[in-house]
Amino acid sequence: MKINKICLNCNKKNLSETDFTHNYTFFLFRTPVIFRIDGEKIQFRCMSSAIFSVGNKAEIFSVNKTPIKFDYVSFQISNVDRQYIDSMNIPINVPVQINDDLVISNTLQSMKSEFSQKGRHHIEFMELSMRIIFISLCEMSVRKNTLPDIPHYSRLKALRNAITSAPMKEWSVDDICYDLNISKTYFHRLYREAFGVTCIQDVIQHRISYACELLKNTDLSVSEISEQCGYDSDSYFMRQFRQYKHCTPSEYRRKVRNE
């Protein structure tokens, strides 16, 4: 299996068949989208995913008219890979609802890092990582009509989708717990059990991802980006950015633009 390209935190108003130029493309859509495949419309109001083969005629549109946020991996497969995909009944050209993106998101982050560094076991690492994604999609496809047995899961998932779409908002745990009518201790336990991170960690991670997007695609100053990402203090923003990205915002901008 050969990985052609990995792109995280992408934004686009819509996607059409011209976006499926490689052999296969895996997409993870982080905002609500509408798929139009062979004239049929399929809508997802939460996160979704799909593997499209080359020449696919699918079109993907935003539900709420805002740009679609997504990650993608374009890759080529061998006959052995094709047999593996077939044996696992992994859905191709069929979108799948994502109830929990933790495994897939972490795998994509690791792949992005390895793709840049190209270590000694690069090919094996990439192939195993894609198989982790395949297995996750297969399991989600099988249990697509079930939800995890966690109290308040539907509302927690709706909350997480809202955080993903607008991390720059002022998210108050006190207000969230008041709306859910549960204690903060219980809320933190449920959220971590559902998604593997705390609510505050989720907000920070998505703010930093949004900051990376602005650093890469705009000429806004670090101070302006800090404000747009919901920070009152530039120094606090830069401290958190370094903690998650191991470099300053300015260093990150230089690095991605040089690449």
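Student: Leaving aside neighbours within four places in sequence, which residues is R30 in contact with?
Tutor: This is a predicted model. In it, R30 is in contact with M47, K69, F70, D71, D101, S105 and T164. Contact here needs heavy atoms within 4.5 Å.

Student: Where does R30 sit?
Tutor: In the loop between β3 (24-29) and β4.

Student: Why does R30 count as buried?
Tutor: Its relative accessibility is 13%. The cut-off for buried is under 20%. R30 falls under that cut-off, so it counts as buried.

Student: What makes R30 and D101 a polar contact?
Tutor: Their side chains come to 3.1 Å. The limit is a pair of N or O atoms within 3.5 Å, one able to donate a hydrogen and the other to accept it. The pair is therefore a polar contact.

Student: How do you know that β3 and β6 pair?
Tutor: Count the bridges. Pairing needs at least two. β3 and β6 have 6, in the antiparallel sense.

Student: What is the strand order of the open sheet of 5 strands?
Tutor: β1-β8-β3-β6-β9, with antiparallel pairing.

Student: What makes β1 and β9 edge strands?
Tutor: Each has a single partner strand, so one side of each is left without a neighbour in the sheet.

Student: Why is β6 described as largely enclosed?
Tutor: 6 of its 6 residues are buried, so the rest of the structure largely encloses it. Check the two faces. S48, A50 and F52 lie on one side, S49, I51 and S53 on the other, and all are buried.

Student: Which face of β7 is covered, and which uncovered?
Tutor: I60 and S62 form the covered face of β7 (residues 59-62). E59 and F61 form the uncovered one. In a regular strand, side chains alternate between the two faces of the sheet.

Student: How do you know that β7 pairs with β2 and with β4?
Tutor: β2 (residues 14-15) and β7 have 2 bridges. β4 (residues 33-37) and β7 have 4. At least two is the requirement, so β7 pairs with β2 and with β4. Both pairings are antiparallel. In β7, L15 has I60 as its bridge partner, and R36 has E59.

Student: Which residues touch the most other members of the largest nonpolar core?
Tutor: I3, F26, I51, V73, F75, M130 and F134, out of 29 residues. β1, β3, β8, α1, α2 and α3 each supply at least two residues of this core. α3 gives the most, with 7 residues.

Student: What other core lies apart from it?
Tutor: One of 19 residues, including I182, A194, V197 and V203.

Student: What does F26 contact beyond its neighbours within four places in sequence?
Tutor: Among others, S49, A50, I51, V73, F75, I104, L108, I133 and L137.

Student: How do you know that the span of α7 (residues 199-217) is close to the expected value?
Tutor: Compare the two. α7 has 19 residues and reaches 27 Å from its first C-alpha to its last. The expectation, at 1.5 Å a residue, is also 27 Å.

Student: What makes α7 mostly covered?
Tutor: 14 of its 19 residues are buried.

Notes:
Residues numbered from 1 in each chain as written. Predicted model: local features only at pLDDT ≥ 70, side-chain atom pairs only at ≥ 80, totals over all residues. Heavy atoms only, no water. Buried < 20%, exposed > 50% of the residue type's maximum accessible area, 1.4 Å probe, protein only. Expected span 1.5 Å × (residues − 1). Core = buried A, V, L, I, M, F, W, Y, C linked by side-chain atoms within 4.5 Å.
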